[in-house]
Amino acid sequence: MGRTTVLAAFRASLAALSTTLETTAAHYVRCIKPNTAQAAGEFDGEYVARQLACTGVLSVIDVSKVGFPVSMPKLHFLNSYR
């Protein structure tokens, strides 16, 4: 005995991820695939860049680099124009 099944390992990993997400302010998770072959240890930079562009991640990074907040509370936004 003492062996961990794939299902048990998956459940433990999922529970750990859920715990991490519950302790952060994450609103969503974007899954980016490293390659089209679904092969371990392979990274296709162009494929990843296309996914990041299509999901809007690159736009958010561009806005952040300029110094604008990605989001702000409504009250703070309204107060900045009073």
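Predicted model: local features only at pLDDT ≥ 70, side-chain atom pairs only at ≥ 80, totals over all residues.
Residues are numbered from 1 along each chain as its sequence is written, and side-chain values use heavy atoms, with hydrogens and water left out.

**Exercise 1. Describe the fold and its dimensions.**

Which secondary structure elements does the protein have?

- Step 1: The protein has four helices and zero strands, where helices (H or I, at least four residues) and strands (E, at least two) are DSSP runs numbered from the N terminus.
- Step 2: Read from the N terminus, the order of elements is α-α-α-α.
- Step 3: Along the principal axes, the C-alpha atoms fill a box of roughly 70 × 35 × 15 Å.
- Step 4: The protein has a radius of gyration of 19 Å, whereas a compact globule of 82 residues would have one near 12 Å. The radius is taken over C-alpha atoms, and the globule rule is 2.2 Å times the number of residues to the power 0.38.

**Exercise 2. Work out how the surface is made up.**

What share of the residues counts as buried?

- Step 1: Of the 82 residues, 6% are buried; buried means under 20% relative accessible area, exposed over 50%, and partly exposed in between (1.4 Å probe, protein chains only).
- Step 2: The accessible surface is about 7400 Å², and 62% of this belongs to carbon and sulfur atoms. Areas come from the Shrake-Rupley method with a 1.4 Å probe, and for residues only the protein chains shown count as cover.
- Step 3: Look next at the nonpolar patch of about 550 Å², made by Leu7, Phe10, Leu14, Leu17, Leu21 and Val29. Patch residues have over 30% relative accessible area and no salt bridge; like charges are joined within 9 Å, nonpolar side chains (Val, Leu, Ile, Met, Phe, Trp, Tyr) within 5 Å. A salt bridge is a side-chain nitrogen of Lys or Arg within 4 Å of a carboxyl oxygen of Asp or Glu.
- Step 4: Leu7, one of the patch members, sits in helix H1 (residues 6–22) and is partly exposed at 47%.
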